[in-house]
There are 2 protein chains.
Amino acid sequence: MFSNISLEHARQILTDHCDTMAGEMVPLNQAVNRVLRKPVYAPYHMPLRAQSAVDGYALGEGPDKIGSSYKLIAELKLDSFPCFGLEYGQAVSVPTGGILPEGTVAVVPGEKTLAHQQQVKILEKIKPGTNIKEAGEDFCRDELLLPSGTKLDYAAVALLAAYDFYQVETVRRPETAVVCLAENIICQEMKLQNGQMRDSNGPMLSALIDRDGGVVSSVIYGGITGRDKMISQLHSMMNQLDVAVFTGGTFENGENNMDAIMHALEARILYQSVELQPGSHTGAALKGNCLLFWLSGNPSACAVNYHLFVYPAIKRLLGQQTEYQRINACCVNGFAKKSNSRRMVRGRLWWTGKGWNVEVLPGQKPSMLRSLLYCNAFIDLPAGTPPIEAGQEVDVLVFPVGNVL
Amino acid sequence: MFSNISLEHARQILTDHCDTMAGEMVPLNQAVNRVLRKPVYAPYHMPLRAQSAVDGYALGEGPDKIGSSYKLIAELKLDSFPCFGLEYGQAVSVPTGGILPEGTVAVVPGEKTLAHQQQVKILEKIKPGTNIKEAGEDFCRDELLLPSGTKLDYAAVALLAAYDFYQVETVRRPETAVVCLAENIICQEMKLQNGQMRDSNGPMLSALIDRDGGVVSSVIYGGITGRDKMISQLHSMMNQLDVAVFTGGTFENGENNMDAIMHALEARILYQSVELQPGSHTGAALKGNCLLFWLSGNPSACAVNYHLFVYPAIKRLLGQQTEYQRINACCVNGFAKKSNSRRMVRGRLWWTGKGWNVEVLPGQKPSMLRSLLYCNAFIDLPAGTPPIEAGQEVDVLVFPVGNVL
């Protein structure tokens, strides 16, 4: 077990204990946003055979002059499968997407012809290859279509549909439990009593885990049910869990409660206490294949801990890249505090048209929620950083979740 | 009805015919990614009353010197509601999050005290205000928490949960039908015959509409069921629909099929034919409150049409901003064709650490799917643009869906 370690060291320990999870077949119509477990290769050329790109006439070799005529030998439909070839001076009519006969040199659009009694007169000069979709012009047989780790977006799903995949092997979604340990934090369904607060970390973590590809199978209020009941509940579900995330009440009266809880769960602590502000009282453990994380109970610190530790672990379980992009940005409003230990300041990053600006969001106390609104980046201040002045350059970690541009 | 108009004109027409839709109450645990219909204001201060930020002792006015002692007059618990005030030299023990009595000057952490027989000795000097979470320090009563049009992310949901909202008014999700008109494009469930192709636009549009906040209530294969059946099907559902998106078979044999279909649906055509490559044969109509769009059947052109017309309409129906960010980027590989009309080239944009690069993706024919893979931006080439050389600056429209950084 490592204690009081650097962020990078903790991340490395997690990396060493996260492997891509097993796959499961899902129907294509439920596969959007899922992650491919294995690469997908093209089973055949697309298009499979040369097709017409327009409604018109497929021409064989011929005089190829304006005003020259071809002999119309057949009318092809969309469901025609021509077994003959075009010879010199021959033409067939063909619809858009229709399969072209062997020997087609070009397809001339209907509106650029005059057809009369089995003769097609060409009104415009047409270059060889025009309006032909060659076999394999979009994708070739056996080529890599989508690498493993691809998150299936609209384009990937369209491609798989075009190739007639009716199901696809995706990585299982990590089954996750969220465990709230604080004794005075109660869930939405219970009546608030004096001194109690409504839980916000449970809904926050559920939204984050769902956003990042996990599935929250249960939210446990361990501070209310009592520790013994919580431990037996977790014991009974541990085989089904890939991840458990504890928050609140992890550190009380100067004592780390997680030692005892991890001991009771027979989990091996990987690290605890990271040189980080906010949220230094964080850690991770392993029980079988389940990764257990504990995060600060303070909402902003909880979100910082989640993004730095749980997010990359979930991405690795899904077989995806985990690195945040780092960007140098101009801090428009500064930050008055010295940072004795490494600090993650919640910020809003934007592109000005000329460069990157970042604003230190209001409400930077770990206990406040405010700095999470509009937050799309962390300003990463190394230990010993003096106060930041307005206009100073800072190093920013960008969240890859699409609210920057 | 406008014909052969500019992209901006078509967008303006759509803007004029899109209003934010009605709201519906949804339980908070189903509200993630939904859009707020009305602004939400803080019903009370957060925290409601001054609280302790640590486990320790709340001190009244006093000698405030290292080694000075305070008289311990009570032990507060998390559920205590102190109705008394602290007088000179008095202290109470208090847990993290416990409500502080009136007259509290600061809270000293337990580990910085020596408590003995109702006396608390201070071992470290402590500044007034230390470890006190003031009432309203995070949010003040009546302040705007979240404006209407906010897409509820993890932070917004956490804030609403903390304020004990158990439901929230969100904009209805636009009910959408996808209609495939091509006669040879068949859905996943049917057996492929000669000349038929598996539908990819249906799955593509369904994924896009779902991604952007709409809900696809039906996918209709009008080319297979026949036009009459399709029309009567659409007629019967028109009152429930907010959007219908037609694709494929909208333009055949040089004729626009949509005139007849819109006539049969008694819909008023708003515009058709836009100066745009790919996907000029696109248009929109209005029937009651339902917006009807027709998009190219070529997959890349269909995606271009969707992003330029349907996407902003859905966003407006949801009460959200619709403008794409424009970025100037260096085109790393160039584009060999002259653009006679305005052209949207599918590209992949990335930040190099010093500036923006964009790559013209391979497979730019409208009939190909390939250029949609890894596409996160359109290179916007005005009519008359000569071929683009590698290294040239281009104007790029960025998709706000999170795959740029």
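Okay, let's start with helix α7 of chain A, residues 299-317. With 19 residues at 1.5 Å each, α7(A) should span 27 Å, and its end C-alpha atoms sit 25 Å apart, which agrees. The expected span here is 1.5 Å times one less than the number of residues. Before I go on: this is a predicted model, where local features need pLDDT of at least 70 and side-chain atom pairs count only at pLDDT 80 or more, while totals for chains, interfaces and linings use all residues. Residues are numbered from 1 along each chain as its sequence is written, and chains are lettered from A and ligands numbered from 1 in the order in which they are written.

Back to α7(A). There's a bend of about 40 degrees at Tyr306(A), taken as the angle between axes fitted to the seven residues ending there and the seven starting there. Is this helix buried or exposed? Well, 18 of the 19 residues of α7(A) are buried, so the helix is largely enclosed by the rest of the structure. Buried means 20 or more other C-beta atoms within 10 Å of a residue's own, with C-beta atoms placed from the backbone. After the helix comes Gly319(A), with a positive phi near 80 degrees.

Now zoom out to chain A. We've got 7 helices and 28 strands; those are DSSP runs, H or I of at least four residues for helices and E of at least two for strands, numbered from the N terminus. Buried residues are 47% of the 405 in this chain. The C-alpha trace spans about 95 × 55 × 40 Å along its principal axes. The radius of gyration of chain A is 31 Å, whereas a compact globule of 405 residues would have one near 22 Å. That radius is over C-alpha atoms, and the globule rule is 2.2 Å times the number of residues to the power 0.38.

The same surface serves both copies, with 98% of the contact residues of chain B recurring in chain A.

Technical notes:
Contact = placed C-beta atoms within 7 Å. Buried ≥ 20, exposed ≤ 12 C-beta atoms within 10 Å, placed from the backbone.
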